[in-house]
Amino acid sequence: MPTETALPVFETAERLQKLPPYLFVELDRLKQEAIKRGEDVINLGIGDPDLPTPQVIIDAMKAAIEDPSNHQYPSGLGCIEFRQEVAAYYERTRGVALDPQTEVGCLIGSKEGIGHFPLAFVNPGDVVLVPEPGYPVYKSATIFAGGEPYTMPLLQENGFLPDLEAIPESVYQKTRVMILNYPNNPTAAFATREYFEEVIAKARQYGFIILHDAAYLDISYTDEQAVSFLEIPGAMEVGVEMHSLSKTFNMTGWRVAFIAGNPSLIRGLMAVKSNLDSGAFTAVQKAAAAALKNYEALVPDLLKVYQERLNAVDEGMKALGWTDYQRPQGTFYVWLKNRNGLASMDMTRALIEKCAIVTTPGNGFGEQGEGYFRLALTTNADRIREACDRIKKAGF
């Protein structure tokens with residue numbers, strides 16, 4: 001028998017070593033331990049819809065797969081059918097006119113687009129303004145491009161909107177990109193038209209780019225829709241919006257999204273992508289086009305489901321007596337303050353160990369998320385009610 005020898009371990013590049021620690025490994029370990037103990041785990045941690053992709057989208061995918069012409073490399077910007085449906089979606093739902101030839105591009109999920117965007121526009125030493133708490137990709141993408149992330153705190157007293165006047169002049173002078181995300185993950189807050197107008201004014205004043213992550217744009221519980229950045233006069237001059245089909249149409253595994261806005265910014269991103277990937281499978285793009293074409297038929301039913309689940313959270317918060325609870329305006333997340341003075345990881349750990357409930361610690365979204373934890377409405381209303389009952393019994 002040959003003697004087993006340990007394989008060498010190679011050190012990763014400095015850019016990886018600069019990333020913050022990944023807290024979710026410990027959470028997954030605690031979850032798996034609870035499952036091994038035979039506990040009935042309620043998972044409210046993951047931002048992945050539990051609902052199936054609508055049949056009309058699946059049927060479109062089946063038909064597209066049967067067409068051999070879709071089996072070749074896709075076009076750089078994406079197939080024209082998909083881009084035309086993106087433009088039609090903006091026209092119908094937001095009153096925004098886009099040229100599908102130059103002002104729309106296809107992405108392999110918005111995470112991919114966000115991750116590659118700084119490579120196109122950020123030079124080493126450039127500042128990227130990132131919201132915190134926020135999607136971790138904002139910072140990691142900046143670091144990979146050699147940029148310097150500058151944290152914009154999202155504070156409850158400011159409606160979870162960055163305080164633009166709190167950013168020093170010296171930082172603005174070095175800023176290349178500002179990243180925003182509304183409706184917001186994890187806080188579920190909305191941005192107003194007036195706020196976007198202020199952002200555009202700052203971008204014009206200092207000459208930086210706005211990247212708006214609009215992954216949850218269509219998930220709203222108010223009488224009015226959430227505001228698209230592209231609805232605001234001047235937005236096309238300074239920025240782009242990225243939107244995903246993942247959450248709106250339960251297509252997280254399909255990996256398809258789009259970028260819309262300033263043509264030169266889209267061209268820059270596509271120049272990076274053409275060197276690093278070959279685009280989304282055309283059949284997936286055809287299915288995505290069918291999703292957007294059927295937007296008005298599909299989205300209201302989805303919102304009814306999340307509305308029912310959010311109502312269950314409302315009931316649970318009332319029963320728990322958590323008077324600081326703020327009902328979300330949109331997304332399928334609920335952003336809650338920790339109980340009993342616990343730190344975010346300790347709160348999340350306690351909910352797993354005492355209640356068999358998986359949540360997400362606020363500091364997983366950056367230091368500014370400390371003091372909070374996040375619930376995801378990605379399980380049915382009865383399970384959410386049961387989760388709230390367990391939390392009450394545990395003494396929180």
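A crossing of two helices is called left-handed if the near helix is turned anticlockwise from the far one by less than a right angle, and right-handed if clockwise. This briefing uses that term for a predicted model, in which local features need pLDDT of at least 70, side-chain atom pairs count only at pLDDT 80 or more, and totals for chains, interfaces and linings use all residues. Residues are numbered from 1 along each chain as its sequence is written, and side-chain values use heavy atoms, with hydrogens and water left out. Helices (H or I, at least four residues) and strands (E, at least two) are DSSP runs numbered from the N terminus.

**Helix packing**

- Two packed helices are described by the angle between their axes and the distance between the axes; here the axes are lines fitted to C-alpha atoms, for helices over the stretch in contact, and angles run from 0 to 180 degrees between N-to-C directions.
- The axes of helix 3 and helix 11 cross at roughly 145 degrees and come within 8 Å, and the crossing is right-handed.
- In this pair, Val56, Ile57, Ala60, Met61, Ala64 and Ile65 of helix 3 make the contact (heavy atoms within 4.5 Å) with Ala283, Val284, Lys286, Ala287, Ala290 and Ala291 of helix 11.
- Sorted by class (Ala, Val, Leu, Ile, Met, Phe, Trp, Tyr, Cys and Pro as nonpolar, Asp, Glu, Lys and Arg as charged, and the others, Gly among them, as polar), the contact of helix 3 with helix 11 has 11 nonpolar, no polar and 1 charged residues.
- Helix 11 (residues 282-293) also packs against helix 12 (residues 295-320), at an angle of about 75 degrees and with the axes 5 Å apart, and the two are therefore roughly perpendicular to each other (65 to 115 degrees, where under 35 is roughly parallel, over 145 roughly antiparallel and the rest oblique).
- Ala291, Leu292 and Lys293 in helix 11 meet Tyr295, Glu296 and Leu298 in helix 12, a contact that divides into 4 nonpolar, no polar and 2 charged residues.
- Helix 5 (residues 110-121) and helix 10 (residues 263-276) have axes that come within 9 Å and cross at roughly 105 degrees, which makes helix 5 roughly perpendicular to helix 10.
- Residues including His116, Phe117 and Phe121 of helix 5 and Leu265, Leu269 and Val272 of helix 10 make this contact, which has 8 nonpolar, 4 polar and 2 charged residues by class.

- Asn70 lies in the loop between helix 3 (55-65) and helix 4 (80-94), and is buried (under 20% relative accessible area, with exposed over 50% and partly exposed in between, for a 1.4 Å probe and protein chains only) at a relative accessible area of 4%.
- A polar atom of the Asn70 side chain lies 2.9 Å from the backbone oxygen of Ala64.
- Not counting residues up to four places away in sequence, Asn70 touches Ala64, Phe281, Thr282, Ala283 and Lys286.

**Backbone features in loops**

- The peptide bond from Glu132 to Pro133 is cis, with omega near 5 degrees, and Pro133 is found in the loop between strand 3 (127-132) and helix 6 (137-144).
- A cis peptide bond also runs from Tyr182 to Pro183, with omega near -10 degrees, and Pro183 is found in the loop between strand 5 (175-181) and helix 8 (193-206).
- Ala188 lies in the loop between strand 5 and helix 8, has a positive phi near 70 degrees although it is a residue other than glycine, and counts as buried at 2% relative accessibility.
- Thr331, in the loop between helix 12 and strand 9 (333-337), has a positive phi near 65 degrees, again in a residue other than glycine, and is buried with a relative accessible area of 0%.

How values were computed:
Polar contact = N/O pair within 3.5 Å; in protein donor to acceptor, adjacent residues only side chain to side chain.
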